[in-house]
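Please keep the model open while you read.

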Amino acid sequence: MQLITLPLSPFGRKAQIVALEKGLDIEIVAPTAPTALFQDPLVVAKNPLAKIPTLLLGDGTPIYDSPVICEYLDSQGSGPKLLPDGGERWPVLVRTALADGIMDAAVASRQESIRPDGERSQAFMDKQRDAILRAVAAAEADLPAFANTLRLDSIAIAVALTYLGLRHPGIDWRGPAPRLAAWHEQMERHPSFVATRPAV
Ligand SMILES: N[C@@H](CCC(=O)N[C@@H](CS)C(=O)NCC(=O)O)C(=O)O
């Protein structure tokens, strides 16, 4: 299997961590046009949305987007299920969606921030920041529900917080969420997190 991704993509890192936790050997493939994925022939051929991560199975079949990739990897690998069955499944999925939403808002705001002078919308970036801070507050309040088990929700939340620190150092999420911040530091010491930590 190949995963088309870039080290700084939080969605891609989430999938890489899931693969490591499931003992799966995946080859990481970097896009040839990292700043314009829609111009990358492989990405466009495999994913009409021209987004990363995109997983390619052995026969070239593409799997996207990252929630689907993670569920697929979870179904293939060994070890405990990262997305549990039964009644626990839905809260894990909702918390994972919360984390993915933080990533979406952080990526969108980052893209807006690097637009040329005069084209940036401060109102758009403020809206994304407010969504991020509301989501962080929800995760802080819900911490006991996910803190002690390595599953898709805890992986995604930790990855989202790391991306925030890398791309939005000006957003103080730690101040209002001190317990989440302490938990996040522990999570980043986990071997699969250390192995995938992006360098800026
Ligand atoms: N919902 C998608 C989001 C993926 C995503 O937004 N990836 C970004 C990179 S981190 C991307 O490919 N952006 C390219 C673009 O939007 O043109 C997922 O979970 O995989």
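**Spaces and ligand site**

The largest cavity holds about 40 Å³ of space. The model is a predicted one. A search of the whole structure turns up 1 cavity of 30 Å³ or more. The largest pocket holds about 980 Å³.

**Cavity**

- The lining of the largest cavity consists of P7, L8, S9, P10, R13, V159, T162, Y163, L166 and P198.
- Two elements, α1 and α6, each give two or more residues to this lining.
- The top contributor is α6, with 4 residues.
- By class, the cavity lining has 7 nonpolar residues, 2 polar and 1 charged.
- Where does the largest cavity lie relative to domain 1 (2-76) and domain 2 (86-195)? It lies between them, because both domains give residues to its lining.

- The largest pocket has a volume of about 980 Å³.
- Its lining counts 28 residues, and S9, L37, I52, V107 and Q111 are the closest to the pocket centre.
- Which element gives the largest share of the pocket lining? That is α4, with 5 residues.
- The pocket lining divides into 17 nonpolar, 5 polar and 6 charged residues.
- Domain 1 (2-76) and domain 2 (86-195) each supply at least three residues to the pocket lining.

**Ligand**

- Around the ligand sit S9, P10, F11, L37, K51, I52, P53, D65, S66 and P67.
- I52 uses its backbone: an N or O atom there is 2.8 Å from a ligand nitrogen atom.
- D65 uses its side chain: an N or O atom there is 3.0 Å from a nitrogen atom of the ligand.
- S66 places a polar side-chain atom 2.6 Å from an oxygen atom of the ligand.
- On its own, the ligand has 520 Å² of accessible area, and the protein covers 77% of that.

- S9 lines the largest cavity, is among the residues closest to the centre of the largest pocket, and is one of the residues around the ligand.
- P10 lines the largest cavity and is also among the residues around the ligand.
- L37 is among the residues closest to the pocket centre and is one of those surrounding the ligand.
- I52 is among the residues closest to the pocket centre, and its backbone has an N or O atom 2.8 Å from a ligand nitrogen.

Technical notes:
Residues numbered from 1 in each chain as written. Predicted model: local features only at pLDDT ≥ 70, side-chain atom pairs only at ≥ 80, totals over all residues. Heavy atoms only, no water. 1 Å grid on protein atoms, 1.4 Å probe; cavity = no way out; pocket = protein on both sides within 12 Å on 5 of 7 lines; lining within 4 Å. Points joined across faces, edges and corners; volume = space filled by probe spheres on them. Nonpolar A, V, L, I, M, F, W, Y, C, P; charged D, E, K, R; others polar. Domains from an automatic or database assignment. Near = heavy atom within 4 Å. Polar contact = N/O pair within 3.5 Å; in protein donor to acceptor, adjacent residues only side chain to side chain. Areas by Shrake-Rupley, 256 points an atom, 1.4 Å probe, with all protein chains shown as cover.
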